[in-house]
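The following exercises are to be worked with the sequence and the coordinates at hand. Each task is followed by a solution in steps.

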Amino acid sequence: MELDAGSAPQALSPSPTYWLTRFVLLRLLGALYAVAFLVAINQIVPLIGSHGLLPVGNYLQQVASAYGSEGAGFWRLPSVFWLNHSDAALLTGAWIGLGLSCVVVAGYANALLLTVLWLLYMSFVHVGQEWYGYGWEIQLTETGFLAIFLCPLLDLRPFPRYAPPKPIIVLFRWLNFRIMLGAGLIKLRGDEVWRNSTALYYHFETQPIPGPLSRWFHFLPRPLLQVGVWFNWLAEVVAPFFVFGPRLARHMAGVVIVLFQLNIIVSGNLSFLNWLTILPALACFDDGFWARLLPKQLVQRAAAAAEQAEESRPMRTTAWVVTALIAILSIQPALNIVSPGQIMNTSFDPFDLVNTYGAFGSVGQERLNVVFEGTMDEKPDEQARWKPYLYKGLPVALDQRPPQIAPYQLRLDWQMWFAAMSSPAQYPWTLNLVWKLLHNDPGAVSLFPQNPFPERPPRYIRAVRYRYTYAEPGNAQGRWWNREPVDIWLPPLSADDPRLAEFIKSAGWAP
C-alpha cells in the first residue's frame with residue numbers, strides 16, 4: 001500500500017484504520033491520568049491520610065470487618081493500599097502515577113505501562129471513599145482498562161509494529177454509547193425541567209462549581225437556553241445510536257458528542273468528566289478524519305507504520321477475549337439503562353470494568369452553600385466578628401469571579417456542594433473538619449486558599465448555609481453574587497466542647 005504524504009493510512013484500503021486514532025486517544029488518556037494523579041498528590045493526605053478527614057486505615061478496617069477478613073475485603077475492593085496505606089505510600093503511588101502519565105503524554109505507551117496506571121488509579125478509587133465516589137472515577141478506570149489492549153505488551157513507540165485491534169475500538173464506542181445514553185435517559189426519567197426544556201434556566205447557577213463564563217450562560221435569552229436542552233437530547237439520546245453506524249454517520253455522531261462536551265467544559269467546572277467523555281468518542285473517527293486535522297509529519301509516520309504493519313496473533317486473540325468478557329459484564333449495565341428504575345454511576349464488578357453512567361438526572365432550582373466561619377470573640381453570637389473560610393472554587397465572597405478549575409478537581413468543594421443540600425448528620429466528617437480548623441491543622445487548612453486565622457486558631461467555628469444567586473452583569477457594586485442566610489448548618493463549636501471531642505474520639509479520628 002503506497003500513500004502520499006497528506007493521505008490517511010486507509011486511503012487506498014477498503015476498511016478504515018485507526019493508527020492516528022490510537023495516538024490521539026492515548027495522549028488524551030495520559031493527560032487525564034496526569035491531572036487525576038496531580039489531584040491525589042495535592043489532596044489525598046489531608047482527605048484520607050493517617051490524620052485526614054476520613055483516614056484510610058479506619059476505612060480498610062471497617063471493610064475487612066464487614067467481609068470477614070482483609071483478603072475478602074481486597075477482592076471486594078482491590079487496591080494496592082491494602083499492603084501499605086501510610087501517607088508515604090499514598091504519595092508514592094500518586095507520584096508514580098503522575099510520572100508514568102507524563103510518559104504516555106509524551107507519546108510512549110504499552111500494555112504493561114497502562115496496566116500499572118490502571119491498577120494505581122483503581123487503588124485510589126477503591127480507598128478514596130466519598131471523595132472518590134463520582135462517576136468519572138470509575139469511568140476513568142473503565143477507560144484505562146480498555147486502553148491497555150490498544151497497545152503491544154512491551155513496544156512503547158507511538159506507532160508500533162501492530163495496528164490497534166478493531167474490537168477494542170468498537171468497545172470504546174460501546175463505552176461512549178453507555179455514557180451518553182445513560183446520561184440522556186436519567187434526565188428524561190428524572191426531572192420535569194428536562195422534559196419541558198427549562199433545565200438550563202437553573203443549571204448554570206446551581207451547578208457544583210461555576211466557571212468564569214457560567215453567569216454569561218445563565219443570562220442568555222431563555223429561547224437559547226431551551227435550544228441548549230434540545231442540543232442535549234441530540235447529543236445524549238440520538239447521537240449514541242450512530243456511533244456504530246456507517247463511516248459518515250459515525251463521524252457526525254462523534255462531532256456532535258465532542259461539541260456538546262466542549263460546550264459543557266466552557267460553561268462550568270465539572271472536573272475532568274467532559275474531557276474523559278470526549279475520549280471514547282474519538283473512536284468514532286478513523287485515520288482519514290484525523291489526517292485532515294493533524295500535522296503532516298504525524299500523518300506520514302502513521303502511514304509508514306501502516307505500510308510496515310505486522311499482525312500479532314496474541315494481540316488479536318487477547319482483544320477478542322476482552323471483548324467477550326466485556327460483553328458478558330455488559331448485560332447488567334445494559335439492562336439498567338432500559339430499566340424504569342435506572343441508577344447511575346454504579347459498578348457491577350469489583351474491578352469497575354463495565355459500569356453505568358449518568359449526570360444531572362435532576363437539576364436544583366436554588367444554589368445553597370455552606371460557609372465555615374470562625375471568630376476570636378468570647379461570645380459566638382450574631383454580634384461576634386465572624387471571618388469566613390473561603391473555598392478555592394465554591395462561591396463565598398460576593399465580588400469574587402468564579403475561577404477556572406477543571407479539569408482539576410477540588411474534592412472538598414465538591415463534597416460541600418452536596419452537603420449544602422443535606423444535613424451534618426449525613427456528612428459527619430464536617431465535624432472532623434471543624435475540629436481540625438479549631439486546631440489550625442495544616443492539612444485541613446491546605447484545602448482552603450488561605451487561613452483567616454494564621455496566628456492562632458479561632459475560638460469558635462460555625463457553618464452557615466446561604467442561598468446564592470447571580471448578580472446582574474454590570475451592577476454598580478461589581479458583584480458576581482447575591483446571597484441571603486438560610487440557617488445555621490452547624491452551631492458554634494469550640495475545641496473545648498466535650499461533645500465535639502468525644503464525637504471525634506469515638507469516630508476514631510483522634511487518639
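A residue counts as buried when its relative accessible area is under 20%, as exposed when that area is over 50%, and as partly exposed in between. The model to which this cut-off is applied is a predicted one.

**Exercise 1.** Classify serine 422 as buried or exposed, and state where serine 422 lies and what it touches.

*Solution.* Step 1: serine 422 is placed in the loop that joins α18 (411-419) and α19 (429-437). Step 2: its relative accessibility is 19%, so serine 422 counts as buried. Step 3: leaving aside residues up to four places away in sequence, serine 422 touches Tyr427, Arg465 and Trp489.

**Exercise 2.** Describe the surroundings of valine 445.

*Solution.* Step 1: valine 445 belongs to helix α20, which comprises residues 442-445. Step 2: the relative accessible area of valine 445 is 14%, and the residue is therefore buried. Step 3: apart from residues up to four places away in sequence, valine 445 is in contact with Leu437, Asn440 and Asn451.

**Exercise 3.** Examine the backbone at serine 271, aspartate 352 and proline 407.

*Solution.* Step 1: as a reference, most residues other than glycine have a negative phi, and most peptide bonds are trans. Step 2: serine 271, which is not a glycine, has a positive phi near 55°. Serine 271 sits in the loop between α12 (247-267) and α13 (273-281), and its relative accessible area of 3% makes it buried. Step 3: aspartate 352 likewise has a positive phi, of about 55°. The loop between β1 (346-347) and β2 (355-356) holds aspartate 352, which is buried at a relative accessible area of 4%. Step 4: the peptide bond from alanine 406 to proline 407 is cis, with omega near 10°. Proline 407 lies in the loop between β4 (387-388) and α18.

**Exercise 4.** How compact is the protein as a whole?

*Solution.* Step 1: the protein has 21 helices and 6 strands. Step 2: its radius of gyration is 25 Å, close to the 24 Å given by the globule rule for 511 residues, so the protein is as compact as a globular protein of that length. Step 3: the C-alpha trace spans about 85 × 55 × 45 Å along the principal axes. Step 4: buried residues make up 58% of the 511 residues. Step 5: among contacts with a separation of 6 or more, 76% join residues 24 or more positions apart. Step 6: the accessible surface comes to about 21500 Å², and carbon and sulfur atoms contribute 61% of that surface. Step 7: the mean positions of the 37 positive and 35 negative charges lie 4 Å apart.

Definitions and conventions:
Residues are numbered from 1 along each chain as its sequence is written. This is a predicted model: local features need pLDDT of at least 70, side-chain atom pairs count only at pLDDT 80 or more; totals for chains, interfaces and linings use all residues. Side-chain values use heavy atoms; hydrogens and water are left out. Helices (H or I, at least four residues) and strands (E, at least two) are DSSP runs, numbered from the N terminus. The radius of gyration is taken over C-alpha atoms; the globule rule is 2.2 Å times the number of residues to the power 0.38. Buried means under 20% relative accessible area, exposed over 50%, partly exposed in between (1.4 Å probe, protein chains only). Contact means heavy atoms within 4.5 Å. Accessible areas come from the Shrake-Rupley method with a 1.4 Å probe; for residues, only the protein chains shown count as cover. Lys and Arg count as positive and Asp and Glu as negative; His and the chain ends are not counted. The place of a charge is taken as NZ of Lys, CZ of Arg, CG of Asp or CD of Glu.
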